[in-house]
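The sequence and model are shown first.

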Amino acid sequence: MRVPLGWLRDYVELPADPAAVAEMLALLGFPVAAIEMRPAITGVIAGRIAELGKHPNADRLQVGRIDVGDGAPLTIATAATNVAAGQTIAVATIGARLPKLTIERRKMRGLESEGMMISADELALPEEWFEDGIMQFDESLQPGTDVVEYFRLSEAVLDVEITSNRVDAMSLIGLARELAAYQNVPLRTPDLSHPGGGAGGPKAEVTIESPDCRRFVAQIFTRVESGPSPAWMRIRLALAGQRPINRLVDISNYVMLETAQPLHFYDAGKIPNKHLIVRDAREGERFVALDSSEHELNPQALVIASETSAECLAGLMGARNSEVTDQTTEIILESANFSGPRIRRTAGQLGFRTEASSRHEKSLAPALTAVGAARAAQLLAQAGATPHEPVAFGEPLSAAAPIEFKISDVKRLLGYELPLPEISERLDGLGFKVEPLTGGVLRVVPPAWRTDITCSADVIEEIARMAGYDRISSEIPAVRAHDIASGDYRRERKAAVTLAALGYREIVTYSLHGAQVYDKIRRAGLDPPARPIEVQNPLSEEQRYLRHSLGPAMVTHLANANQPARAFEIGHIFYNEDRQPLETSMAFFAFSAEPRDEPEWHDSNYLRAKGDCEAFLREMTGESRFETAADEREGFHPGKTGVVLMGGREIAVVGQVDPRLQRTFESRLPIYACRIILSTLPPYDVPQFKPPSKLPSTYRDLALVCDADLPAQRLENALRSAAGAWCTAVIAFDEYRGSQVPPGKKSLAIRLTLQKPDATITDAEADAVVEKAVSALHAEFGVTLRV
Amino acid sequence: MNLADNLEDLRARFEDALKNSAGASSLDAVRVAFLGRSGEVTAVRRSIGKLPPAERPAAGQRINEAVEQMERALNEAQANAQALEVGASLSQRIDVTFPSIKPQQGSIHPMKRVMHDVCAYFERHGFAVVVGPEIEPDYYNFDALNIPPDHPAREGFDSFFLTPNLLLRPHTSPMQIRTMQQHRPPVAVVVPGTCYRRDAVDARHLFQFNQCEGLLIDEGVHMGHLKGMLTGMCREIFGSEQQVRFRPSYFPFTEPSAEVDTTCPLCRGAGGECRMCGGSGWIELGGAGMVHPNVLRNVEYDPDVYSGWAFGFGVERMALVRYDVDDIRRFFENDHAFLEQLA
Ligand SMILES: [Zn+2]
């Protein structure tokens, strides 16, 4: 909300420095987003045009003799056309400083001009909101008055943020009350006594058919004159960001800015029988708002209607039909209270918002209807209208429910003690009534305008705000033991630290993506997820779908690097199961590498990825040996993918990213990746130490010729069990295919390590084991020793 | 050949071999060839068996002497060779300033590092770290947190909806409810995690971000404890001189509520022309406050017995300040230079 400081000072004594006021507001819970400083303008005074005539040497110029109070009248030429004798206008005298120029003595077409008649623009006011030409003041403004000082035009405007619970403070009086209470100085409210006319005059009749209108104050004013508002009001409205329209509209806006209560004026001549009905809109009811926008309503909208048509969208905007115009002589004032949610829903549905609805939708206090009506009546009476008796419809105003709590609760929540007199004084400044009861209990009645205070914690916050949040001390709590576990988080953190230690850089990518990911998968000839999880209200098409894997973002990342790189990500992935969106935590690591010159049956990059996978799994599970099985998985190369099993359960997939995806994701380099669903990992199993034997071991390197498609792991396992209890390790370390072995065969070099638990193994014993084992392998797989 | 000739011949060949060997490793070969288990000396020793028994002791004696001599010579040669090798090594001079051979170095993402540091700080003080789903029903996101339907504060959480009542969580606070539903006080947790809001993206805003939530509930927990813990956290993350300031604010799930500011680490609170804090000397971290009695009631805690606080801070925002990063989008761009500099 834009708050002109010059206006705010009407109600409360404030420091001169706008930054000091802003700081105070911030510490009260109303942060100031911006302090708009006004340009320094000097030497502008009010002048009355005593005479006006044609310039002797120029048709387009006029020359006025301007009464400026003390001293001789000034002779000033102007090109403006909106001037006439008798007007009170803005005059920049010689030496005056304006935002864009300094006034000097000068000749206009041979005639000395002793100053300049100026427009709103030269006073740094939005010129399109003011009269075209020279700025006009009211007759009552004495010639010679310093315009900048009088209208407080040099005062800054604060852009104040008001939290949604404090609709009462979406007003100058509301903010002034806070500042007054905080500084412990008086609040100067304008006269809010109601200048209602006596009984017997015309009265409006209001029928409330909806419980969503809680209160409706209606009052008729006759002998209403339209025309522009006085300059002070137009200037204040403009500085507050409201365009001045005419006397009536301006008064309703002014009162809303001042008191927070929105008002509406109906042209009483357009309302048959001066009868207004608050009702649900009818299905398909047409409504032309005063901004000429057209709406088709439904019963969710609340309207204020005459006996013939809807005249106002409650809390939002009036209808063009009964809008006040220059011809209006009689009005009905509406100061009403509506259900906040109802107004918000309607505004949301119709897709527009007004200053009024932004207040109504936060649930104003019903008591404010009387305040707003009274203030408007004061201003209308000042403007010459005749007020008649106000009538209130709807629920009677009820006092707020008292809140009782122990004084000791103040310390219990805030951590420090406040003496009762200080508590009372602080609350009193905000309009609360405080009554100490026996047993250290306080009874507090919130003021009528505060709808946000409903429990003791609310009151304690008020006490804390007024005492200043800086009185809260800093203490470290002694946290008592509890049984809440950190397992899932620690697993994720350990996974990250482990992958970083293995040389992968962590990345963080968006969980939402657009359809182009699926396009790339489709162009690779593969199937994207059948039922992706879709956001119903994305901000852009790039954010429509929830990722089903960390793979696409990873491949994109590595493709962008365009040189060998290693990265990992840990994050949630999303999938549908039985039409229920589910999610789980995935770890995904990958590297891109230059292709190597290797035979087509061998890929050492795959073996590197598998090695990293095993190292990772070892750290996460405590296991040291993992079994891999060749398999196919979406997104991975059909012939270069292994699934790692533990206890028969798949815990990781490792392999080359499908080269078709590499192509559609535009990665120059092949990518090797591993994905792990973290929840499938068994809990860490602490390894147990077995003292290594001190007896020497021996080994035999065997070159075994077998079928080319026999997995090394199977041969290793078979060899291990065939070798018996003395076998301590079996590992394949080389593979050969080619002219040295028959077609369809390969030669695997395997080292078999043997050790006896109780004696040194002899060569003969070792040879016997090998012989037995090889013949077992021969029997099972047709394996022969290569010689 | 008799034994004496044999030994003489052996010694001659041994000396030749010694002379021709270069370095410690070839001396080892000489030792194996002559003195090893199947070396030449062994062969000579075997020949003793062919001698008459009376001559055998003397022959053995002579062989032993020869072996001793050879061993002495070998040891001496070995010592010389090692001295030479060490000498050669010691005389080496390299350019120690030449660029290093880089290891394959991994790293933790800077945002995650901040997250881990925050969690570690609270873990040290007895808090558990819990994580939860990113898809949450509106009950956990709003209703249970004292934000009923039609509450104006719901607009502040402009959320992505998957179904009419299932959404991507706009804050980590649902885990407050889930944790309190599962445990009785004391409850002390931090909740790191990803959140989503329909914010237009710019240098300060993202539609996806990470939050760290904190919650402490027990008897006698007050706002001073909140300030104390957050001051400690800020000192851990931003530096040992950090101060923390509370400003009143409004959140439906806390009362009293506060905006939490910490001293701007760049200007150290001086303000002026500081580009990081815009001259205020303070950096906004996020919201906090005493858990609203209605929230406690929603999980069947008695607000007259238990009190507690909660806070929720944006992790990218903290990382932005900690690492002096100019644009929050960088935390999701994963630019190599960015990740490497902040590794
Ligand atoms: Zn700063």
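## Interface between chains A and B

In this predicted model, 77 residues of chain A are in contact with 87 residues of chain B. About 6,900 Å² is buried between chain A and chain B, with carbon and sulfur atoms giving 57% of that area.

Six salt bridges are counted between chain A and chain B. In one salt bridge, Arg245(B) pairs with Glu23(A), and the closest N and O atoms are 3.5 Å apart.

## The chain A side

Several elements of chain A each supply at least two residues of the side that touches chain B, among them helix H2 (18–28), helix H12 (456–467), helix H13 (487–501) and strand E30 (566–577). H13(A) gives the most, with seven residues. By class, this side of chain A comprises 36 nonpolar, 18 polar and 23 charged residues.

## Cavities

The whole structure contains two cavities of 30 Å³ or more. The lining of the largest cavity divides into eight nonpolar, 10 polar and seven charged residues.

The second largest cavity, with a volume of about 90 Å³, is lined by 14 residues, including Arg465(A) and Ser249(B). H12 of chain A and strand E7 (244–251) of chain B each supply at least two residues of this lining. Its residues are four nonpolar, four polar and six charged.

Methods
Residues numbered from 1 in each chain as written. Chains lettered and ligands numbered in written order. Predicted model: local features only at pLDDT ≥ 70, side-chain atom pairs only at ≥ 80, totals over all residues. Heavy atoms only, no water. Contact = heavy atoms within 4.5 Å. Buried area = accessible area lost by both parts, 1.4 Å probe. Salt bridge = Lys/Arg side-chain N within 4 Å of Asp/Glu carboxyl O. Helix = DSSP H or I, 4+ residues; strand = E, 2+ residues; numbered from the N terminus. Nonpolar A, V, L, I, M, F, W, Y, C, P; charged D, E, K, R; others polar. 1 Å grid on protein atoms, 1.4 Å probe; cavity = no way out; pocket = protein on both sides within 12 Å on 5 of 7 lines; lining within 4 Å. Points joined across faces, edges and corners; volume = space filled by probe spheres on them.
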